[in-house]
Amino acid sequence: KTMVTSLLGAELSKKGHSVAIMDADVTGPSIPQAFGVKGQAVGDENGIFAMKTKHDLRLMSVNCLLDNASDPVLWRGPLIANLVGQLYTNVIYGEVEYFLIDMPPGTGDVPLTVFQQIPVDGVIIVASPQELVSMIVEKAVNMCKMMKIPLLGLVENMAYVQCPHCGEKIKIYGDDKSAEVAKRYGIPLLDELPIDPILSSATDKGEIEEVEKTFLPKATEKI
């Protein structure tokens, strides 16, 4: 989900849009790593200023508030939910066209807090091939419907590996299920994200904005 959020933000930014990303995965924050953002956020009496990436994308994560980015956040659900709300209300992101929220998997405290406290225009469901054959996607879809949040579509992560020699797409997890699952729930299949060393390397180096290839063309058009 972090990979999709990071790519989506980077690709929208390349198109000339102003973008902000809120990292709502409090216990596993990795958005700053993907963009190479280090250090602590600062603020004044008006709030905390969002961090800026090399290409002026704004972001905020719990890692930007810790003395040491590797320190774990050992908090229970209510405290985490409260922090997620504050990452939205107490942070100054500036005027942006797109505000993306990277959420942890599941249907727990964080998604519930986001849906209840933040005006969300739509949700993109992100799932791996293993998740597509389970109830995980169905639970996420049903939660959005119960909360009356529009579903923009589905992105399948780790969908295939592309042979560097012949270009063949190898479905290492078996037959393609994404189109079938998207049709079952009445949502469009936006993109299929491959397992690509370019992406993992860029994330490790904090250079997701430097990736030249477009991986999420339909998702960027949809939103």
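Predicted model: local features only at pLDDT ≥ 70, side-chain atom pairs only at ≥ 80, totals over all residues.
Q: Great. Which residues does Phe35 touch, leaving out those up to four places away in sequence?
A: Phe35 touches Ser6, Ile21, Thr53, Leu57, Leu59, Gly206, Ile208 and Glu209.

Q: And which residues touch the most other members of the largest nonpolar core?
A: Those are Phe35, Leu59 and Leu216, in a core of 65 residues.

Q: Which element gives that core its largest share?
A: Strand E8 does, with five residues. As a general point, nonpolar side chains tend to be buried together in soluble globular proteins.

Q: OK, E8 then. What sheet is it in?
A: E8 belongs to an open sheet of three strands, ordered E8-E9-E12, and the pairing is parallel. The edge strands are E8 (123–127) and E12 (189–192), each pairing on one side only. From one strand to the next, the twist averages 25°.

Q: How many bridges join E8 to E9?
A: Five bridges, with E9 covering residues 151–156 and the two strands running parallel. As an example, Ala127 has Glu156 in E9 as its bridge partner.

Q: Which helix lies across E8 and E9?
A: That's helix H6, residues 136–146. H6 runs at about 170° to E8.

Q: Switching topic: what about the sheet with E2, in what order do its strands come?
A: The order is E2-E3-E6, again three strands in an open sheet, here with mixed pairing. Strands E2 (43–44) and E6 (91–92) are the edges, and each pairs on one side only.

Q: Do E2 and E3 run parallel or antiparallel?
A: Antiparallel, with two bridges joining E2 to E3, which spans residues 47–49. Asp44 stands opposite Gly47 in E3.

Q: Last one, Lys213. Where does it lie?
A: Lys213 is in the loop between helix H8 (197–205) and helix H9 (217–222).

Q: Why is Lys213 called partly exposed rather than buried or exposed?
A: Because its relative accessible area is 41%, and partly exposed falls between the cut-offs: buried is under 20% and exposed is over 50%.

Q: What is Lys213 in contact with, leaving aside neighbours within four places in sequence?
A: Lys213 is in contact with Glu11, Gln162 and Asp196.

Q: And how are the C-alpha atoms of Lys213 and Leu199 placed, what separates them?
A: They are separated by 9.8 Å, and the two residues are 14 residues apart along the chain.

Terms used: Residues numbered from 1 in each chain as written. Heavy atoms only, no water. Pairing = 2+ DSSP bridges. Helix = DSSP H or I, 4+ residues; strand = E, 2+ residues; numbered from the N terminus. Axes fitted to C-alpha atoms, helices over the stretch in contact; angles between N-to-C directions. Contact = heavy atoms within 4.5 Å. Core = buried A, V, L, I, M, F, W, Y, C linked by side-chain atoms within 4.5 Å. Buried < 20%, exposed > 50% of the residue type's maximum accessible area, 1.4 Å probe, protein only.
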